[in-house]
2 protein chains.
Amino acid sequence: MTTGIEAYLHTHTRLSDEEIARIALAATPRSLRRNELLLQEGQICRHKAFVVKGLLRNFGVVADGSEHILQFSPEDTWTLDAESYDRSTPSAFNIAAIEPSELLLWTRPVFNRLLEEIPELHALSLQLISRNGYNSRQRLFAALSATPEEKYNGFVRDCPDLVSRLPLHMIAAYLGISLKTLTRIRHAQWQQR
Amino acid sequence: MTTGIEAYLHTHTRLSDEEIARIALAATPRSLRRNELLLQEGQICRHKAFVVKGLLRNFGVVADGSEHILQFSPEDTWTLDAESYDRSTPSAFNIAAIEPSELLLWTRPVFNRLLEEIPELHALSLQLISRNGYNSRQRLFAALSATPEEKYNGFVRDCPDLVSRLPLHMIAAYLGISLKTLTRIRHAQWQQR
């Protein structure tokens with residue numbers, strides 16, 4: 001179960017085997033069934049989670065009951081609600097498993113101790129925070145400026161592996177377009193082949 | 001000219017007078033005329049900028065020539081293209097003055113030296129990076145989920161000071177709605193008063 005994080009840290013950092021083992025051993029494993037929530041709106045996000053296996057989504061629900069997806073988190077990525085985690089405030093968002101998933105969780109005190117003890121983990125953590133910032137900006141710009149076709153084509157280009165793993169209504173909820181529009185786009189592209 | 005940053009740092013940090021003076025003295029002042037560019041798409045963003053006076057916008061332009069605004073930067077805020085600055089890659093966005101503006105600029109080597117020498121500036125910097133991340137997420141969620149009316153009302157609630165300083169077409173370009181829709185919303189609200 002800890003093998004996933006060890007391979008990931010070997011690939012993305014120059015941490016020693018001893019440091020990697022220390023990070024892995026500080027985590028608590030957690031399994032989620034399909035549709036099970038890791039974080040519910042209104043709760044405080046108390047863990048940083050690494051996805052060893054499976055696929056999750058971060059999403060919000062608005063007054064009319066519709067769901068809007070901020071992020072998908074497949075294997076070898078991290079998930080949390082950063083604002084709720086950093087500030088210990090109730091989260092405005094939910095995190096749920098789309099597929100049966102295996103996670104590793106670190107509480108904030110445990111992870112902060114690791115950050116203090118292991119400078120290279122600190123550097124990785126800053127890199128991830130910055131990269132999330134760049135991604136959110138890119139996604140915001142696409143949301144403001146792109147046509148539905150451009151949004152869908154961008155998603156297929158950037159996340160080809162996810163397209164076949166996700167139900168269409170979730171792709172639509174991620175792109176901010178209606179299921180009807182998404183179906184029309186895919187149908188038109190299919191006919192052009 | 002440096003007074004703005006000194007007052008800002010006194011309010012937002014517990015830096016000593018000596019440290020604050022060191023940060024202020026390391027900056028280069030720059031004035032921008034209305035519509036003058038601080039950063040042009042394709043250039044590398046080489047400075048962190050603090051807005052002492054005035055108002056700027058970060059925006060991108062798409063193939064049809066339309067402009068979409070990521071961020072407004074009034075007095076006492078920072079502006080840069082973080083991805084271009086961090087990675088020394090050509091920026092996908094522009095930064096321009098909406099009003100005549102007075103800025104302080106730090107190059108990356110200069111700012112990085114200050115970050116190393118002054119841990120509390122480092123802490124402030126991380127806080128700002130995190131807060132930008134939260135804001136981008138909130139804005140992304142609004143872009144995905146909110147109606148045009150909700151977007152406009154949210155902007156009036158969160159940035160009341162900016163509403164009267166901005167031309168309508170820029171508010172529309174920031175909210176991701178058409179000028180026609182924005183005009184209709186404002187007209188309807190005016191009639192309800």
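1. Domain bounds here come from an automatic or database domain assignment. On that basis chain A splits into domain 1 (3-128) and domain 2 (146-193). Keep in mind throughout that this is a predicted model.

2. Now for how those two domains sit together. Taken over C-alpha atoms, the centres of domain 1 and domain 2 of chain A are 26 Å apart. Their contact involves eight residues of domain 1 of chain A and six residues of domain 2 of chain A. On the domain 1 side, strand S4 (55-61) and S5 of chain A each put in at least two residues, and S5(A) gives the most, with five residues. Sorted by class, that domain 1 side holds five nonpolar, one polar and two charged residues.

3. Overall fold of chain A: you'll count nine helices and eight strands. The radius of gyration is 18 Å, close to the 16 Å that the globule rule gives for 193 residues, so chain A is as compact as a globular protein of that length. The C-alpha trace spans about 55 × 35 × 30 Å along its principal axes. Buried residues come to 33% of the 193 residues in chain A. As for contact order, take the contacts in chain A with a separation of 6 or more: 69% of them join residues 24 or more positions apart.

4. On to the dimer. What does each chain bring to the contact between A and B? It's 21 residues from chain A and 21 residues from chain B. In chain A, strand S5 (67-74), helix H3 (82-87) and helix H5 (119-145) each supply at least two residues of the side that touches chain B. H5(A) has the largest share of that side, 13 residues.

5. Symmetry next. Chain A superposes on chain B through a rotation of 180° with 0.0 Å of shift along the axis, at an RMSD of 0.0 Å. The two copies are thus related as by a two-fold rotation axis. The same surface serves both copies, with 100% of the contact residues of chain A recurring in chain B.

6. The largest nonpolar core has 75 residues, and those with the most contacts inside it are A:Ala49, A:Leu56, A:Leu103, B:Ala49, B:Leu56 and B:Leu103. Domain 1 (3-128) and domain 2 (146-193) of chain A each give at least three residues to this core.

7. Is B:Val51 buried or exposed? B:Val51 has 24 other C-beta atoms within 10 Å, so it counts as buried. This valine belongs to strand S3 (residues 47-53) of chain B. Not counting residues up to four places away in sequence, B:Val51 touches B:Leu56, B:Ser73, B:Pro74, B:Glu75, B:Asp76, B:Thr77, B:Thr79, B:Ser101 and B:Leu103. B:Glu67 is another matter: 16 residues apart along the chain, the C-alpha atoms of B:Val51 and B:Glu67 are separated by 22 Å.

8. B:Ala96, in strand S7 of chain B, has 18 C-beta neighbours inside 10 Å and so counts as partly exposed. B:Ala96 and B:Asn35 are 61 residues apart along the chain, yet their C-alpha atoms are separated by 5.8 Å. Setting aside neighbours within four places in sequence, B:Ala96 is in contact with B:Asn35, B:Glu36, B:Leu37, B:Leu38, B:Leu56 and B:Arg57.

9. One backbone item to look at is Ser88. Phi of A:Ser88 is near 50°, a positive value in a residue other than glycine, and B:Ser88 likewise has a positive phi of about 50°. A:Ser88 is in the loop between H3 and strand S7 (94-97) of chain A; B:Ser88 is in the loop between helix H3 (82-87) and strand S7 (94-97) of chain B. With 10 other C-beta atoms within 10 Å, A:Ser88 is exposed, and B:Ser88 is exposed with 10 as well.

Definitions and conventions. Residues are numbered from 1 along each chain as its sequence is written. Chains are lettered from A and ligands numbered from 1 in the order in which they are written. This is a predicted model: local features need pLDDT of at least 70, side-chain atom pairs count only at pLDDT 80 or more; totals for chains, interfaces and linings use all residues. Helices (H or I, at least four residues) and strands (E, at least two) are DSSP runs, numbered from the N terminus. The radius of gyration is taken over C-alpha atoms; the globule rule is 2.2 Å times the number of residues to the power 0.38. A residue is buried if 20 or more other C-beta atoms lie within 10 Å of its own, exposed if 12 or fewer, and partly exposed in between; C-beta atoms are placed from the backbone. Two residues are in contact if their C-beta atoms, placed from the backbone, lie within 7 Å. Copies are superposed by least squares on the C-alpha atoms of residues with pLDDT of at least 70 in both. A nonpolar core is a set of buried Ala, Val, Leu, Ile, Met, Phe, Trp, Tyr and Cys residues joined through C-beta atoms within 7 Å. Ala, Val, Leu, Ile, Met, Phe, Trp, Tyr, Cys and Pro count as nonpolar, Asp, Glu, Lys and Arg as charged, and the others, Gly among them, as polar.
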